[in-house]
Amino acid sequence: SLHQVDSTNAGRVLASDAAVFLKKSGLTDLVLGKIWDLADTDGKGILNKQEFFVALRLVACAQNGLDVSLSSLNLPVPPPRFTDTSSPLLLSGTASSDLPWAVKLEDKVKYDAIFDSLNPVNGLLSGDKVKPVLLNSKLPVDILGRVWELSDIDRDGMLDRDEFAVAMFLVYCALEKEPVPMSLPAALVPPSKRKPLSVPGAMPLIPSSAKEAHQSLPPLGILAAKTPLTQ
């Protein structure tokens, strides 16, 4: 993908060109800024080939929910995913429904057992029931707040079984000293919550309920980076 960005073939990539390309990864500007800082080792605002590959590796790490740090470079991750913003089919691919869920089956069984022990009502746990479990982790309250924000994917103030698994997964990551991401990586979105996004124009203008409208929104941050301004 270097030739896509390096139009002059000088073997280096300017910040402005790389920024446009890296935006296609769907990561937030905050994360991309961090990736750039790590890759642009001499701070010249230009990446050579080696540094550009470091940036690509870090994008892959971030997309898979790993820490954006040089220590993550040795971890095995699938190649980074970029969408071509000029393609109208772009939106259908963002939720990448074929991506394996980051929560492993054996862990899910454990999380489900905790979920059931908290007496869910209609398959949902209220914030009051989840809070003690989160606090029990002894993690800082601001981290727990972010865990809740990320795991309550449909923003209804309750966690269903899958959302609870996301919360537990994030708590365990944080306990392993891995930073909790600012926005939920695609791989962490439960398959049950991955909605194929409708192409602009196909959306009914008035959603039948506010909740439905909310569920059709992609995870925060994906759309901002992905939607071409001229539609």
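Reader: Is aspartate 162 buried or exposed?
Author: A residue counts as buried under 20% relative accessible area, as exposed over 50%, and as partly exposed in between, with a 1.4 Å probe and protein chains only. Aspartate 162 has a relative accessible area of 17%, so this residue is buried. Before we continue, note that this is a predicted model, in which local features need a pLDDT of at least 70 and side-chain atom pairs count only at pLDDT 80 or more, while totals for chains, interfaces and linings use all residues. Residues are numbered from 1 along each chain as its sequence is written, and side-chain values use heavy atoms, with hydrogens and water left out.

Reader: Where is aspartate 162 placed, and which residues does aspartate 162 touch?
Author: Helices (H or I, at least four residues) and strands (E, at least two) are DSSP runs, numbered from the N terminus. Aspartate 162 lies in helix H9. Contact means heavy atoms within 4.5 Å. Leaving aside residues up to four places away in sequence, aspartate 162 touches Trp101, Lys108, Pro190 and Ser192.

Reader: How many helices and strands does the protein have?
Author: The protein has eleven helices and four strands. Of its 231 residues, 39% are buried. Among contacts between residues at least 6 apart in sequence, 60% join residues at least 24 apart.

Reader: What is the average pLDDT of the protein?
Author: The term pLDDT denotes the predictor's confidence in each residue, from 0 to 100. The protein averages 76, and 73% of the residues score at least 70. The pLDDT is below 50 over residues 85-95, a stretch with 18 contacts in the model beyond near neighbours in sequence. Over residues 198-231 the pLDDT is likewise below 50, and this stretch has 35 such contacts.

Reader: At what angle do helix H8 and helix H9 pack?
Author: Axes are lines fitted to C-alpha atoms, for helices over the stretch in contact, and angles run from 0 to 180 degrees between N-to-C directions. Angles under 35 degrees count as roughly parallel, over 145 as roughly antiparallel, 65 to 115 as roughly perpendicular and the rest as oblique. Helix H8 (residues 141-151) and helix H9 (residues 161-175) pack at about 150°, with their axes 8 Å apart. H8 and H9 are therefore roughly antiparallel to each other.

Reader: Which residues of H8 and H9 meet?
Author: From H8 come Ile143, Leu144, Val147, Leu150 and Ser151, and they meet Glu163, Val166, Ala167, Leu170, Val171 and Ala174 in H9. For classes, Ala, Val, Leu, Ile, Met, Phe, Trp, Tyr, Cys and Pro count as nonpolar, Asp, Glu, Lys and Arg as charged, and the others, Gly among them, as polar. The contact of H8 with H9 has nine nonpolar residues, one polar and one charged.

Reader: What covers the buried residues of H8?
Author: The buried residues of H8 are Ile143, Leu144, Val147, Trp148, Leu150 and Ser151. Their cover includes helix H7 (127-135), strand E4 (158-160) and H9.

Reader: How does one read the packing of helix H2 and helix H3?
Author: The reading follows the pattern just used. Helix H2 (residues 15-23) and helix H3 (residues 29-39) pack at an angle of about 135°, with their axes 11 Å apart. That angle makes H2 oblique to H3. Ala15, Ala18, Leu22 and Lys23 of H2 make the contact with Asp29, Leu32 and Trp36 of H3. By class, this contact has five nonpolar, no polar and two charged residues.

Reader: What is the phi of asparagine 122?
Author: Most residues other than glycine have a negative phi. Asparagine 122 has a positive phi of about 55°, although it is not a glycine. Asparagine 122 is in the loop between helix H6 (105-117) and E3, and is exposed, with a relative accessible area of 75%. Lysine 177, also not a glycine, has a positive phi of about 70°. Lysine 177 is found in the loop between H9 and helix H10 (210-215) and counts as exposed at 73% relative accessibility.

Reader: Which residues does leucine 118 touch?
Author: Leucine 118 touches Leu125, Lys129, Val133 and Phe164, not counting residues up to four places away in sequence. Leucine 118 is in the loop between H6 and E3 and is buried, with a relative accessible area of 18%.
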